Each structure stands twice: as C-alpha cells, then as structure tokens.
Amino acid sequence: MMMTWDPEIEEINRRRALAREMGGPDRVAQQHSLGKLTVRERIEELVDSGSFLERGILGGVGTYDEEENLVDFVPKSTVFGIAKIDERPVSVTGQDFTARPGSGSTGATGTTVTGGPRTISAEHISHEMKIPFVRLIDGFGADIRAVGQKNRTYIPNGNWKLEHELLSEVPIVAAALGAVAGLPAAWVPASHFSIMIKGKTQVFAAGPPVVKRAIGLDIPKEDLGGFRQHSRTSGVVNNEAEDEVDALQQIRRFLSYLPTNVWELPPFGEESDPRDRRDHKLRSIIPRDRNRGYNPRELISLVMDQGSTFELSRYYGGSQITMLARLNGRPIGVIANDPMVHGGAQDAPAARKIEKFVDTCDTFHLPIINFSDQPGFMIGPAAEAAGTLRAGVRTAVAIGQATVPWATVIVRRVYGVAGGARQDNSHFNFQLAWPSGEWGSLPIEGGIAAAYRREIEAADDPDAYRRQLEEKLIAIRAPWRTAEDLDVEDIIDPADTRPMLSDWLDVAYKANERLVGPKSRGMRP
C-alpha cells in the first residue's frame with residue numbers, strides 16, 4: 001500500500017510547470033519578438049527578487065483522456081498574487097497575452113478568477129490586506145467571439161464601489177503594456193499613478209476597427225491612443241517610459257514615496273543631504289528682468305534632497321509642475337509654475353493636473369510645498385472655451401479641502417484668483433517670500449491700461465502718461481510694504497529656503513500624525 005502522497009505532489013509540480021509555460025513556446029517567442037516581456041517576467045522585474053507568492057496558479061482549462069489523465073493544459077490568462085517592493089507588501093496582477101481567450105478565465109484581460117461561489121482577485125487581496133495594488137495591463141476587454149460561443153449576449157454591469165474604496169485607502173498603480181481597450185482601458189486612469197510605453201502601447205475606449213465601423217474614421221492605433229495622445233494631451237496617463245523595464249522601475253520609485261495605506265505615514269529615508277545646506281545659486285535663479293523665464297526644476301532640485309525628485313505628468317498641463325520629492329529624507333509633494341510654458345499661467349489641463357495631485361498627496365498624508373510663480377489663469381478665447389475657470393475653481397476647492405500641512409514659497413508672481421488659490425488661507429499655512437516676489441489682483445502693467453483708460457486716452461502724450469503711472473505703482477509693488485502690514489509673514493534670503501523648510505517640516509510631520517486615516521471625501525480618479 002502506498003504510504004505517501006508523492007504522485008499527487010508530482011502532479012502539483014507538473015501542473016505548475018505547465019502554467020509557467022503560459023501560452024506555449026511559440027506564443028512566448030511571439031511576445032518577445034514584439035519587444036515585450038511576458039507577464040511573469042514583468043512581475044519578476046517589478047518586485048523584490050523571489051518575493052512573488054502567486055495565487056491561483058493551478059487555474060485554467062485541462063483536457064483529459066478517457067482515463068481522466070491530463071493530456072493538455074491552458075493556464076488562466078490572469079496572473080496575480082502578493083509580493084514585496086522595497087521590502088513592503090503589494091498586491092500585483094497582470095494579463096498573460098500569450099494565453100488568449102478561451103482559457104477558462106475572464107478572457108485576455110480579467111483581473112478576477114471565478115470558481116463556484118468564490119471570487120479571487122488581486123483587488124480583494126489589496127482591499128482586505130490594505131496593501132498597494134499594481135495592475136500590469138496588456139490586452140482588451142470584451143471578446144465578441146464569446147457571444148458566438150455562449151450563443152447569447154449579456155447586459156454590462158458596472159461596479160466601481162471596490163475601486164472607490166481602494167482609491168481612498170491604498171496606492172493604486174496601472175501600467176498599460178499593450179494595446180488596451182474596453183474595461184482595462186478604464187482601469188488606467190482609475191489609479192494614483194499610470195504609465196505607458198512610448199510608441200509601444202496604446203489606450204482607447206475602442207480600437208481602430210470599432211472606430212472605423214462606428215464613425216467612419218480610419219486611424220492607426222498609435223494616433224488614436226498612443227503616448228502623445230494620453231501623456232501629453234488627454235492626461236489619461238501620468239508618465240511615459242522608454243521601455244517596459246523603465247516603466248516598472250518608475251512604478252517602484254512612485255511607491256517609494258507613499259505609505260502602504262492611509263493608516264500609515266509615508267516612509268522616511270535617510271537624511272543624507274545636510275538640512276542646513278544653503279545653495280547660493282538660488283539668489284540669482286530668478287531673473288531681474290520680469291519678462292525672462294528660468295528653470296523651475298533646477299530651483300526645486302537646489303532645495304530638495306539631491307536626486308530625490310520624481311515628476312508626474314510632465315508633458316500634460318505643462319505650465320504647472322507636480323513632483324514627489326524628499327526633504328531630509330521625508331517624502332513630500334511639490335507644486336511649482338513653469339514660466340517657460342504659457343508664462344506659468346494656469347490653463348484647464350494644468351488645473352486638472354494640480355487637482356488630482358493635491359488629492360493624492362492629501363489621501364496619503366504627504367505635506368505639500370508650493371513654489372509659487374503664478375501670473376493667473378490662462379486668458380483668451382481658447383482658454384475660455386476649454387473651461388479654464390471651471391477647472392481652476394475645482395482645483396481651488398481641492399486645495400481648500402486638503403488637510404495636510406502646506407507651505408508656500410512665493411518666488412515671483414502671485415496674481416488673481418489662481419494666485420489666491422496657492423494655498424488654503426482659512427487656517428495657518430507656512431508662507432515665505434523671496435525678494436523677487438510680487439503680487440496683486442492683476443499685474444500693474446495690464447491693470448493700469450484698464451483702470452486708467454480714459455485718463456490715458458485724454459493725456460497729451462498717452463504713452464508717456466501710462467509709463468508715469470506704471471513707474472509710480474511699480475515702486476509700490478516692492479514687497480517691503482506688504483511685509484510691514486504683515487500680509488506676508490517673512491521675506492527671506494533664497495539661500496535660506498532649505499533650512500527654513502526643513503524646520504517647518506519637522507513640525508509638519510508631527511502634526512501629520514493626527515491626520516493618519518482615510519479622508520471622508522475619498523479620492524477622485
């Protein structure tokens with residue numbers, strides 16, 4: 001009589017080996033020929049070595065002979081489980097594009113595997129264990145072939161309750177790693193950070209064949225939903241990557257700034273950069289000529305820990321900069337204006353970008369520092385048609401709702417409603433100004449032309465009279481009178497910015513401890 005379970009153990013190992021073959025050598029080779037990794041290669045590249053604990057590896061469709069011996073096995077097309085990134089737990093799922101529909105899972109892109117009364121999914125693991133959730137998306141949603149196979153259609157049922165709860169509790173990351181359409185395309189913006197590969201991946205509600213049939217437009221998939229469309233125009237995707245390895249490394253870096261969930265503070269790093277470092281380059285980085293731009297990314301890097309900045313959505317809403325960074329090893333969110341794009345004025349895309357970024361920082365308890373050089377909202381007929389005011393007001397409300405500690409450094413301009421929304425002024429915020437700072441309801445030059453129009457037109461020399469008025473009011477614009485009235489708390493040597501923000505951040509993180517937990521309003525995708 002057999003006393004061990006060795007045959008069954010051998011069968012377990014055989015089936016696991018078959019699952020790891022995925023769609024078979026030919027389909028794996030085809031995936032590689034397209035310059036793409038397989039789903040398991042992606043997960044291995046993403047997570048800490050040897051840390052992936054796959055769930056449901058035995059799921060799939062088996063073919064048996066008359067004696068019930070397994071003769072063929074097609075694994076499920078969804079791979080998911082628990083792993084670690086930088087020694088912290090994550091839930092990760094990915095689609096195996098080599099295992100095409102008909103493998104017994106939810107098709108080429110499902111993240112859920114159903115069996116009997118049970119539902120197993122990476123989302124549920126993340127929700128129950130309160131750990132970050134990473135989606136590696138490679139494929140489409142509904143497969144019309146299933147209609148023929150099932151001999152019926154079905155009524156779509158959307159259920160986003162779990163997504164909303166996840167967005168409010170744990171970091172969610174989505175990577176588009178193929179041509180992504182349908183429901184998987186909707187997963188991309190339902191995240192705190194999303195990324196796609198330049199020239200290699202696309203995201204769209206429906207692909208070119210459906211577009212051509214529906215509206216008669218014959219369009220290549222890259223033009224329809226490539227990186228230029230979504231990381232630079234629509235804002236559906238935050239970042240673009242050079243290749244899959246770059247995308248996966250960016251995911252690791254993004255998660256390094258965030259806590260595991262909203263019940264924790266962001267992870268502290270080493271204080272390797274002296275907090276009292278005073279970089280004198282900051283004294284000359286803002287030009288005395290108000291019509292000249294400068295490099296705001298260099299400005300930020302001179303204040304933050306060296307090499308610690310990670311920019312989000314650089315090519316969308318370019319007049320505003322959103323970055324994650326560290327100051328004395330502590331993660332923070334950074335906002336700034338880029339005067340080289342629209343003069344730094346806030347247009348509708350920039351406003352939407354700031355709104356989501358503030359929501360993300362507030363959800364995960366990242367203090368925010370705003371280097372303000374805000375000339376106001378973008379103006380003109382195109383800006384009005386784009387709904388700049390509406391988008392700007394939503395941003396102002398998001399800033400008003402934020403509860404994380406906030407500091408503003410006025411490096412140059414603060415004008416109008418957009419300038420007033422640099423922070424929530426209903427409670428204490430730490431605010432500094434550089435000697436280059438200027439502010440008002442609108443710039444003096446344009447304001448004089450509007451307010452003194454009749455007097456200027458009636459003058460013997462209108463241009464000379466206008467310049468006289470400008471010179472008088474510009475002299476008043478110097479920041480000293482504002483400081484005398486305590487309307488600005490302090491004007492500082494720019495070189496002192498890092499030490500002063502470091503001292504503020506010590507107090508801010510102490511105050512931050514009482515904010516740990518979910519936000520009542522949740523997170524907007």
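The structure, a predicted model, holds 5 aromatic pairs, where rings of Phe, Tyr and Trp (its six-membered ring) count as a pair if their centres lie within 6.5 Å, with planes under 30 degrees apart called stacked, over 60 edge-to-face and the rest tilted. Y257 and F310 make up a stacked pair, with 6.3 Å from centre to centre and 20° between the planes. Y257 sits in the loop between α11 (244–256) and α12 (296–303), while F310 belongs to strand β14 (residues 310–312), so this pair ties together parts that are 53 residues apart in sequence. Helices (H or I, at least four residues) and strands (E, at least two) are DSSP runs, numbered from the N terminus. Y257 counts as buried at 1% relative accessibility, and F310 is buried too, at 6%; buried means under 20% relative accessible area, exposed over 50% and partly exposed in between (1.4 Å probe, protein chains only). F193, F254, Y257 and F310 form one aromatic cluster.

A word on conventions: residues are numbered from 1 along each chain as its sequence is written, and side-chain values use heavy atoms, with hydrogens and water left out. Because this is a predicted model, local features need pLDDT of at least 70 and side-chain atom pairs count only at pLDDT 80 or more, whereas totals for chains, interfaces and linings use all residues.

The charged end of K36 sits over the ring of F97, 5.2 Å from its centre, and R232 lies over the face of Y315, at 4.4 Å from the ring centre. The test here is NZ of Lys or CZ of Arg within 6 Å of the ring centre and within 35 degrees of the ring normal.

Strand β15 (residues 320–327) is mostly covered, with 8 of its 8 residues buried. On one side these are Q320, T322, L324 and R326, and on the other I321, M323, A325 and L327, so both faces are covered. In a regular strand the side chains alternate between the two faces of the sheet. β15 pairs with β14 in the antiparallel sense over 3 bridges, and L312 stands opposite T322; pairing takes at least two DSSP bridges between the strands. On to β16 (residues 330–337): 8 bridges join this strand to β15, and the two run antiparallel. The bridge partner of L327 in β16 is R330. The two strands form a hairpin with 2 residues between them, and N328 in the turn has a positive phi of about 55°.

Most residues other than glycine have a negative phi. S313, in the loop between β14 and β15, has a positive phi of about 55° although it is not a glycine, and is buried at 6% relative accessibility. E87 has a positive phi near 70° and lies in the loop between β4 (78–85) and β5 (88–95); at 60% relative accessibility, E87 counts as exposed.

S126 lies in helix α4 (residues 122–129) and is buried, with a relative accessible area of 0%. Leaving aside neighbours within four places in sequence, S126 is in contact (heavy atoms within 4.5 Å) with S91, I131, P132, F133, L166 and V170.

As for confidence, the chain averages a pLDDT of 87, and 87% of the residues score at least 70; pLDDT is the predictor's confidence in each residue, from 0 to 100. The score stays under 50 over residues 102–110 and over residues 112–119. Where pLDDT is low, the predicted coordinates should not be read in detail.
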